[in-house]
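Here are my notes on the model you sent. Please read them with the structure open beside you.

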Amino acid sequence: MGKVVVSCGMAPSALGSVPSSSPSSGSGSKGGLPPCAPLLGGRVAISGGLGALGLLIAQWLVQQGVQHILLLGRSARTSYAASQQLRQVWQGPAQATMAACDAGCAEDMAAVLAPASRSVHLPPLSAVLHAGGVLADATLRNQSLAGLRKVMGAKVAGLPHLLGAAQLQPGAHHVLFSSVASLLGSPGQANYSAANAALDAAASAWEQAGTPAQSIQWGPWKTGGVSAKQMSPENRWGIC
Ligand SMILES: NC(=O)c1ccc[n+]([C@@H]2O[C@H](COP(=O)([O-])OP(=O)(O)OC[C@H]3O[C@@H](n4cnc5c(N)ncnc54)[C@H](OP(=O)(O)O)[C@@H]3O)[C@@H](O)[C@H]2O)c1
């Protein structure tokens, strides 16, 4: 099977205006500004921040100069490998904190995404990356309501809370971690495809309503995470 690579330059307007105080250099910078310049000076919260992609993105943000990162997960516990990655984040000047937060729980989300005025020492949120996700793969005939609730609970249930945070902190950018399964479908992942399609639709609706939002349909990452937790190829094709 071939591969289609679509390259899309980041539209500056999609991330709001670039602060004049942004550093003039950074790794991966274009035209002197790092790609996440609009996020500098603010706090970036990552739901699913202790997962495979969340930690990678946190490392990348720190390399780009983001100083305040909030890593969210239901358990706020890390594996040994994750703690090694976290050490790299903590070795730099950035302040990275972890908090137990279920993205689908209104109270949890309100507490961690509260405007900075309530958290004296923290800058305002400049972005929320929603990377929380779980799988409940099953062939179509074995799909269940419980599986659907599990997958939707991690990805979709928190969307109103994210939107609420956006309304309290205008300008904060929202990036939803969707999957190419939303676009192409994926055997055994009807629930997951539907959940990701909901993220895509939400980002599109928010953007049209003036809330800066993007949904990224990631392909499988080599580093593992959910792509390593999918059901076996035999199961995926309904062979067993
Ligand atoms: N890895 C890939 O190849 C790939 C490809 C396409 C899309 N994606 C998407 O990218 C996102 C991150 O994937 P990943 O590979 O990093 O997965 P991962 O390693 O399994 O991490 C997912 C994280 O989400 C957290 N989580 C689950 N439910 C949550 C909830 N209700 N509230 C808050 N956090 C929750 C989990 O922590 P707790 O269990 O502690 O809550 C876990 O740390 C997912 O949304 C996934 O669908 C990944």
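**Notes on the model**

1. Within the shell around the ligand, α1 is the largest contributor, with three residues. Helices here are DSSP runs of H or I with at least four residues, strands are runs of E with at least two, and both are numbered from the N terminus. At least two shell residues each come from α1 (52-64), β2 (68-73), α4 (145-155) and β5 (173-179).

2. This is a predicted model, in which local features need pLDDT of at least 70 and side-chain atom pairs count only at pLDDT 80 or more, while totals for chains, interfaces and linings use all residues. Residues are numbered from 1 along each chain as its sequence is written.

3. There are 28 residues around the ligand, and G48, G51, G132, G133 and G225 come nearest. By type, the shell has 13 nonpolar, 13 polar and two charged residues. Ala, Val, Leu, Ile, Met, Phe, Trp, Tyr, Cys and Pro count as nonpolar, Asp, Glu, Lys and Arg as charged, and the others, Gly among them, as polar.

4. The chain has eight helices and six strands. Their order from the N terminus is β-α-β-α-β-α-β-α-α-β-α-α-β-α.

5. The six strands form an open sheet with parallel pairing, in the order β3-β2-β1-β4-β5-β6. Because β3 (95-100) and β6 (213-218) are at the edges with a single partner strand each, one side of each has no neighbour in the sheet. Two strands pair if DSSP finds at least two bridges between them. Strand β1 (residues 43-47) runs parallel to β2 and is joined to it by five bridges. I46 has L71 in β2 as its bridge partner.

6. Helix α5 (residues 159-168) packs on the sheet, where it touches β4 (125-130) and β5, and its direction makes about 170° with that of β4. Helix α7 (residues 190-208) lies across β5 and β6, at about 155° to β5. Axes are lines fitted to C-alpha atoms, for helices over the stretch in contact, and angles run from 0 to 180 degrees between N-to-C directions.

7. Beyond its neighbours within four places in sequence, A181 is in contact (C-beta atoms, placed from the backbone, within 7 Å) with S186, Q189, Y192, S193 and N196.

Note on methods. Near = placed C-beta within 6 Å. Contact = placed C-beta atoms within 7 Å.
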